[in-house]
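Hi,

Here is the structure I said I'd pass on.

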Amino acid sequence: MSKLELLPAVDVRDGQAVRLVHGESGSETSYGDPLQAALAWQRAGAEWLHLVDLDAAFGTGDNRAQIAEVARSMDIKVELSGGIRDDASLEAALATGCKRVNLGTAALETPEWVAKVIAEHGDKIAVGLDVRGTTLRGRGWTRDGGDLYETLARLDSEGCARYVVTDINKDGTLQGPNLELLRGVCAATDRPVVASGGVSSLDDLRAIATLVPEGVEGAIVGKALYAKAFTLEEALEAVSS
Ligand SMILES: O=C(O)c1ccccc1N[C@@H]1O[C@H](COP(=O)(O)O)[C@@H](O)[C@H]1O
């Protein structure tokens, strides 16, 4: 059985590494310089960095130059999210040398474009399925964007390689992951799933790791690391077997 991949998160708002609660604008706790945060996760042994431009996701500007600098400074694999919604933003994201990008709003609002870029870029494209219940949310998680399972079926049929599944109700809350949601998505697709939202403890990571045989490939860890609930070294050790 392969091990669960861990993706420590660096979410950037107004030039700072932050964590939000339920993805709500204004709920930020700041954790300083994004590059230093990313380098710290790399030094601690991360194989992946989950890097998000929150301003681009919310439509309150962007941190594109800074995000590109962080991505280019990493020796590890980087996935980029936030505001990647057209050819220009996709080209800029891929030009950073990132391993893949996550599309959110675009998958809900411009499905033809998303089908086109999936066909062009294959597994460099993942789709972020950000859900409340089973309703997808876009535009900084402020607007409903359709049914999770209908959208998943469409994206599967278009060849989407991977999904990043976030339970918005859990995100940034340290209340534990939504294992039922992850099981449901894994049952509905044969594509790998990256879990996001709610991780609070090493036991949460071990619980997500039990879903590897069902299709969960990785877990994004944010607040728990910044709040020092455990270290990244401990987390990597917890999911190493
Ligand atoms: O990660 C967050 O906390 C977050 C909060 C609010 C909105 C988006 C968030 N992150 C990720 O950004 C992309 C969506 O961006 P877009 O819709 O494509 O512009 C998605 O991966 C979210 O998980």
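**What I found**

Setting aside neighbours within four places in sequence, Asp 130 is in contact with Thr 135, Leu 136, Arg 137, Trp 141, Thr 166 and Ile 168, where contact means heavy atoms within 4.5 Å. Before you go further: this is a predicted model, in which local features need pLDDT of at least 70 and side-chain atom pairs count only at pLDDT 80 or more, while totals for chains, interfaces and linings use all residues. Residues are numbered from 1 along each chain as its sequence is written, and side-chain values use heavy atoms, with hydrogens and water left out.

Back to Asp 130: it is found in strand S7 (residues 125-132). Strands (E, at least two residues) and helices (H or I, at least four) are DSSP runs, numbered from the N terminus. Asp 130 counts as buried because its relative accessible area is 13%; buried is under 20%, exposed over 50% and partly exposed in between, with a 1.4 Å probe and protein chains only.

An unreviewed UniProt entry places the feature "active site" at Asp 11 and Asp 130. Such positions are in the numbering used here, with feature names shortened, and the annotations may be inferred rather than shown by experiment. Both Asp 11 and Asp 130 are included in the lining of the largest cavity. A cavity here is a set of points on a 1 Å grid over the protein atoms alone where a 1.4 Å probe fits but cannot get out, and lining residues have an atom within 4 Å of a point.

Asp 11 sits in strand S1 (residues 5-13) and is also buried, at 10%. Leaving out neighbours within four places in sequence, its contacts include Arg 19, His 50 and Leu 54.

Then there's Arg 191, in the loop between helix H8 (179-188) and strand S11 (193-196). With a relative accessible area of 22%, Arg 191 is partly exposed. Its side chain reaches the backbone oxygen of Cys 160 at 2.8 Å. The C-alpha atoms of Arg 191 and Ala 161 are 6.0 Å apart, although the two are 30 residues apart along the chain.

Last, the helices. H7 (residues 148-157) and H8 pack at an angle of about 35°, with their axes 10 Å apart; axes are lines fitted to C-alpha atoms over the stretch in contact, and angles run from 0 to 180 degrees between N-to-C directions. Among the residues that meet there are Leu 152 and Asp 156 in H7, and Leu 181 and Val 185 in H8.

Cheers

How values were computed
On a 1 Å grid over the protein atoms alone, a cavity is a set of points where a 1.4 Å probe fits but cannot get out, and a pocket is an open set with protein on both sides within 12 Å along at least five of seven lines; lining residues have an atom within 4 Å of a point. A polar contact is a pair of N or O atoms within 3.5 Å; within protein, one must be able to donate a hydrogen and the other to accept it, and residues adjacent in sequence count only if both atoms are side-chain atoms.
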